[in-house]
Amino acid sequence: MAMEKTLRMSLLFDFYGALLTERQQDVFQLYFGDDLSLGEIAEELRISRQAVYDTLRRVGLILEEFEAKLGLVQKHQERQRIYEELLTLLAQVRSRCGDLPELAAMEEQIQKARAAS
């Protein structure tokens, strides 16, 4: 469960992190990116451990609020699922028809779209 929350927070931060204050970004990066403890972050930033905890809690709420309003992560995940389905279907067609140049071109375009989203 903790790993799922960490992954979700990281994904939310990827989409919405630039909307946070610099201090909020720093605390988030130190905790989730650098895997520092609350005490280590407090020491590094010269703030209380409680201030670090409060900032992380606030950042989590802010990121979830952005997602609730904008839904960018959900849309991204849905697109990724669709790309995966398309690639699976493409592989099925390839197994029946052989390796046609058109299929390779389709796969390339799907991979480009997947990487861009």
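How many nonpolar, polar and charged residues are there in the lining of the largest pocket? Let's start there. One note before the count: this is a predicted model. The lining has 10 nonpolar residues, two polar and four charged.

Now the pocket itself. It holds about 320 Å³ of space. In total, 16 residues line it. Nearest its centre lie Lys5, Met9, Tyr31, Phe32 and Leu56. Which helix gives the most to this lining? Helix 4 does, with seven residues. Helix 1, residues 2–16, supplies at least two, and so do helix 2 and helix 4. Helix 4 covers residues 49–70.

Next, Gln24. Find it in helix 2, residues 22–33. Is Gln24 buried or exposed? Its relative accessible area is 10%. The cut-off for buried is under 20%, so Gln24 is buried. Its side chain reaches the backbone nitrogen of Thr21 at 2.9 Å. Leaving out residues up to four places away in sequence, Gln24 touches Thr55, Arg58, Val59 and Ile62.

On to the loops. Most residues other than glycine have a negative phi. Look at two with a positive value. Asp35 has phi near 60°. Asp35 sits in the loop between helix 2 and helix 3. With 65% relative accessibility, Asp35 is exposed. Arg46 has phi near 55°, also a positive value. Arg46 lies in the loop between helix 3 and helix 4. Arg46 is exposed too, at 78% relative accessibility.

Last topic: salt bridges. How many does the structure hold? Eight. Take Lys69 and Glu65, whose side chains meet at 3.2 Å, N to O. Both lie in helix 4, four residues apart, about one turn of the helix. Lys69 is exposed, at 64%. Glu65 is partly exposed, at 45%.

Now Arg94. Its side chain meets that of Asp99 in a salt bridge, 2.9 Å from N to O. Asp99 is exposed, with a relative accessible area of 62%. Arg94 is partly exposed, at 22%. Arg94 also forms a salt bridge with Glu107, where the closest N and O atoms are 2.9 Å apart. That pair links distant parts of the chain, 13 residues apart: Arg94 is in helix 5, residues 72–97, and Glu107 is in helix 6, residues 101–116. Glu107 is partly exposed, at 27%.

One more group to find on screen. Glu78, Arg81 and Glu85 are linked in a network of salt bridges.

Conventions
Residues are numbered from 1 along each chain as its sequence is written. This is a predicted model: local features need pLDDT of at least 70, side-chain atom pairs count only at pLDDT 80 or more; totals for chains, interfaces and linings use all residues. Side-chain values use heavy atoms; hydrogens and water are left out. Buried means under 20% relative accessible area, exposed over 50%, partly exposed in between (1.4 Å probe, protein chains only). A polar contact is a pair of N or O atoms within 3.5 Å; within protein, one must be able to donate a hydrogen and the other to accept it, and residues adjacent in sequence count only if both atoms are side-chain atoms. Contact means heavy atoms within 4.5 Å. On a 1 Å grid over the protein atoms alone, a cavity is a set of points where a 1.4 Å probe fits but cannot get out, and a pocket is an open set with protein on both sides within 12 Å along at least five of seven lines; lining residues have an atom within 4 Å of a point. Grid points are joined across faces, edges and corners, and a volume is the space filled by probe spheres set on the points. Ala, Val, Leu, Ile, Met, Phe, Trp, Tyr, Cys and Pro count as nonpolar, Asp, Glu, Lys and Arg as charged, and the others, Gly among them, as polar. A salt bridge is a side-chain nitrogen of Lys or Arg within 4 Å of a carboxyl oxygen of Asp or Glu.
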